[in-house]
Amino acid sequence: MGSAKGVGSSNRTVFKHKVLGKVVGREVGAAGRMPGRVTRQVLIDLTAGDGRDTAESGLCSPGILAHHAAYPKGVVDTVILVERDRNSVASLRESLKARDFGRARVVVIHGDSRDSDVIERIIEEVGPTPTTAVFIYSDPNAITQHALSEQLLSEMPEMTTTMSTLGCNVGGLLRLDQQKRVPTWSAHVNTVIAQAGAGRDVIFVALQRDDSRWAYLLTTPNAWSAATIREIEKASADWPKGVGIASNRTDHKKFADLVLKAFCTADELKEMSRERDSEEEGEQQ
Ligand SMILES: C[S@@+](CC[C@H](N)C(=O)[O-])C[C@H]1O[C@@H](n2cnc3c(N)ncnc32)[C@H](O)[C@@H]1O
């Protein structure tokens, strides 16, 4: 990728869509190879957008899900697309006419993914079968709108994996008071970690030197964690300023450090480091 393209929102979108494509592709391929264990698969996009391919990547998330749902050896039978904006949902419905989802039924929900009635509808569509595999994607415009709720996660089958995008400083969110800011965001990360349980790893990915501090939180079966990290590393060529990647299971210290750096200002980090140093000095005396 030449420098003429620059490093900005366009590269972020390319990176995000590349990672999403890789992750969903692997999930769908693997589900299709486990006929006894996985009988069906549901793909969920909690923030589907307008369904138009972006100029930056030539893709959009409903298009990426359609591509993989149509994989002939896969078992995707339902794709759920949620969008709260009226105009976007109309455009999304229109765009679906030109997309092939294979054998999958497409359910479009006009509503907010955090609302109880939307969550209940999703739970109903997913159904109670423990051999259902689920992939959930959440890509709101900023971390404050994160669409992946504890209520939804707690009702999903065991074989559920997720990818959420977190815009930690979109529109200068870091200017908000720290007391209000950090608990909400750490709660989101902790909810995802709790849902992952022992069988799944949580991977935090942070774009370095990004004013908007975009980051990505993924859950993946432990067995796929290393491969997922390698795929993200490959996609990171689209963000030449560097991408921080850490596994919560194998490198919790780096994971916690990256999370903190994404959610705190430079001054707050300096203050925390000063406090840590003086605590350590106190212990040594
Ligand atoms: C960044 S765009 C999504 C882009 C799309 N995922 C893609 O990659 O092509 C965010 C979209 O999510 C919608 N959105 C944000 N929060 C939402 C929520 N809680 N429930 C449903 N839709 C939401 C917004 O209206 C907007 O259309």
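Predicted model: local features only at pLDDT ≥ 70, side-chain atom pairs only at ≥ 80, totals over all residues.

The dialogue below goes from the whole chain to its strands, its loops and the surroundings of its ligand.

Trainee: How many helices and strands does the chain have, and how does its radius of gyration stand against that of a compact globule?

Mentor: There are nine helices and eight strands in the chain. A compact globule of 285 residues would have a radius of gyration near 19 Å, and the chain agrees with this because its own value is 19 Å. Along the principal axes, the C-alpha atoms fill a box of roughly 65 × 45 × 35 Å.

Trainee: What share of the residues counts as buried, and what share of the contacts between residues at least 6 apart joins residues at least 24 apart in sequence?

Mentor: Of the 285 residues, 43% count as buried. Among contacts between residues at least 6 apart in sequence, 74% join residues at least 24 apart.

Trainee: Let us turn to the strands; which strands does S1 pair with, and in which sense, parallel or antiparallel?

Mentor: Strand S1 covers residues 40-45, and five of its six residues are buried, so S1 is largely enclosed by the rest of the structure. S1 pairs in the parallel sense with strand S4, residues 132-138, over six bridges, and five bridges join S1 to strand S2, residues 76-83, which also runs parallel to S1.

Trainee: Which way do the side chains of S5 point, and are they buried or exposed?

Mentor: In a regular strand the side chains alternate between the two faces of the sheet. In S5, residues 160-167, eight of the eight residues are buried. Thr-160, Thr-162, Ser-164 and Leu-166 point one way from S5, whereas Thr-161, Met-163, Thr-165 and Gly-167 point the other way, and all are buried.

Trainee: Which strands are joined to S5 by bridges?

Mentor: S4 is joined to S5 by five bridges, and the two run parallel, with Ile-136 opposite Thr-162 in S5. Five bridges also join S5 to strand S7, residues 214-221, but these two run antiparallel, and Ser-164 has Leu-217 as its bridge partner in S7.

Trainee: What is the pairing between S6 and S8?

Mentor: S6 and S8 pair in the antiparallel sense over five bridges, and the bridge partner of Phe-204 in S8 is Ala-246. Four of the five residues of S8, residues 243-247, are buried, so S8 is largely enclosed by the rest of the structure.

Trainee: What is the phi of Arg-209, and what is that of Arg-213?

Mentor: Most residues other than glycine have a negative phi, and most peptide bonds are trans. Here Arg-209 has a positive phi near 45 degrees, and the phi of Arg-213 is also positive, at about 50 degrees. Arg-209 lies in the loop between strand S6, residues 200-207, and S7, and Arg-213 has its place in the loop between S6 and S7 as well. Arg-209 counts as exposed because it has 10 C-beta neighbours inside 10 Å, while Arg-213 counts as buried because it has 21.

Trainee: Where does Gly-36 lie, and is it buried or exposed?

Mentor: Gly-36 lies in the loop between helix H1, residues 9-32, and S1. With 6 C-beta neighbours inside 10 Å, Gly-36 counts as exposed. The C-alpha atoms of Gly-36 and Arg-249 are separated by 28 Å, and these residues are 213 apart along the chain.

Trainee: Finally, which residues come nearest to the ligand, and how does the shell around it divide?

Mentor: Of the 19 residues around the ligand, Thr-47, Gly-49, Cys-60, Ser-61 and Ser-113 come nearest. The shell divides into six nonpolar, seven polar and six charged residues.

Terms used: Residues numbered from 1 in each chain as written. Near = placed C-beta within 6 Å. Nonpolar A, V, L, I, M, F, W, Y, C, P; charged D, E, K, R; others polar. Rg over C-alpha atoms; globule rule 2.2 N^0.38 Å. Buried ≥ 20, exposed ≤ 12 C-beta atoms within 10 Å, placed from the backbone. Contact = placed C-beta atoms within 7 Å. Pairing = 2+ DSSP bridges.
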